[in-house]
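Dear colleague,

Please find the structure below, handed over for your records.

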Amino acid sequence: MSQLELIDVTKRFGDVTAVNRLNLRVEKGECFSFLGPSGCGKTTTLRMIAGFEDLDEGELRVEGSVYSSSFKKFYIPPEKRDFGMVFQAFAVWPHLTVRENVAFPLRIRHRPRHEIEERVKMALTSTNLLKIQDSYPGRLSGGEQQRIALARAIAINPKVMLLDEPLSNLDAKLREEMRFEIKDLQKRFGFTIIYVTHDQAEAMALSDRMLVMDNGVVQQIGKPLEIYHKPANRFVFSFIGLSNFIPVSVRDGAAIIDGTDRIAAEGVPPELGSRAVMACRPSDISFVPESETERAVPAVLLRRTYLGDIVDMKLKVGAAELRVQKHVKNALPQEGERCFIRFNSVLWYKD
Ligand SMILES: Nc1ncnc2c1ncn2[C@@H]1O[C@H](COP(=O)(O)OP(=O)(O)O)[C@@H](O)[C@H]1O
Ligand SMILES: [Mg+2]
């Protein structure tokens, strides 16, 4: 039985359909991310799971029990769901100490005192806050405040943790550290995580599985690498990782980049007709010797930039400009130099 199940869930705000017939199952212990651009419906979906929003259509089940149902006009209020929650603007209460902040959700649930003490201690220990438990949050760093929000969510011993862009207020380095800490906590406590983010690197790093949504509609559900290598459509391709979309004309299944006369790749699906878009990752393009005429396309290197071990390059190929990324150890052309490239892996989309 799935931990969480959303069946045909729809939510509207006036004319805006924020979430459109969403279907999803999340298994126990999974770290599952919602990824998509701002305004695509991630927070709304999470708020429906938490019980802060009603459903216009559909049903939400937790371990097989109905928690919200538009058909049955039924819903369980948030405080009865016992989900841990950390939101983007994580509110830690400035007038309460760290310990009091973490104890707060247990107090409003009227848990016995010894249980509160035990749980708070456990949550503070596991988030490394024990030493500063008597401090007030105003004096603490962003990372420490973030940990308070996490500790507070852990303290109630939730089956499910709902995290809405919990790291977006932190700087890049801290964000990366906190990712590992969240993963660690999950391993230790075994809760299921729903993690909302618009940052694809974060989703790729954390998730067992994820969904990509756009405009309230699910575009793809799968494992991070599956989505990276087999994007369901052009939107997903462009949202995950870097991408080139190259307009081509098609002759007998072979693609010719506009402004060139060499075949760049073969195997264009016939249904696309005489025009198509060839999609390719910057790392899936190689430089080849001029003698290697088979599928080598002439290009000019416009500029190159060093990103640590990776060189980021812009190339002109016929009428198109491409992004190529290679490790510095490769033999690479100079700026302004003519070269030949080969497309190692491509996908095809409609023009
Ligand atoms: N309370 C609300 N009232 C009206 N419109 C809302 C409300 N909450 C969200 N929306 C709209 O629903 C859409 C999805 O929003 P949201 O779920 O917050 O997206 P995300 O979290 O992916 O950025 C947006 O168009 C947003 O403007
Ligand atoms: Mg949001």
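A polar contact here is a pair of N or O atoms within 3.5 Å; within protein, one must be able to donate a hydrogen and the other to accept it, and residues adjacent in sequence count only if both atoms are side-chain atoms. The model is predicted, so to speak of local features pLDDT of at least 70 is needed and side-chain atom pairs count only at pLDDT 80 or more, while totals for chains, interfaces and linings use all residues. Residues are numbered from 1 along each chain as its sequence is written, chains are lettered from A and ligands numbered from 1 in the order in which they are written, and side-chain values use heavy atoms, with hydrogens and water left out.

Ligand 1

An oxygen atom of ligand 1 is 2.8 Å from an N or O atom in the side chain of Lys42. A polar side-chain atom of Thr43 lies 2.7 Å from a ligand oxygen, and a backbone N or O atom of Gly39 lies 2.6 Å from one.

The residues around ligand 1 (a heavy atom within 4 Å of it) include Phe13, Val16, Pro37 and Thr44. Helix H1 (42-50) gives the most to this shell, with 3 residues; helices (H or I, at least four residues) and strands (E, at least two) are DSSP runs, numbered from the N terminus.

The sheet

An open antiparallel sheet of 5 strands runs in the order S16-S20-S17-S18-S19, where strands pair if DSSP finds at least two bridges between them. Strands S16 (285-288) and S19 (320-327) stand at the edges with a single partner strand each, so one side of each has no neighbour in the sheet. Strand S18 (residues 310-317) pairs with S19 over 8 bridges.
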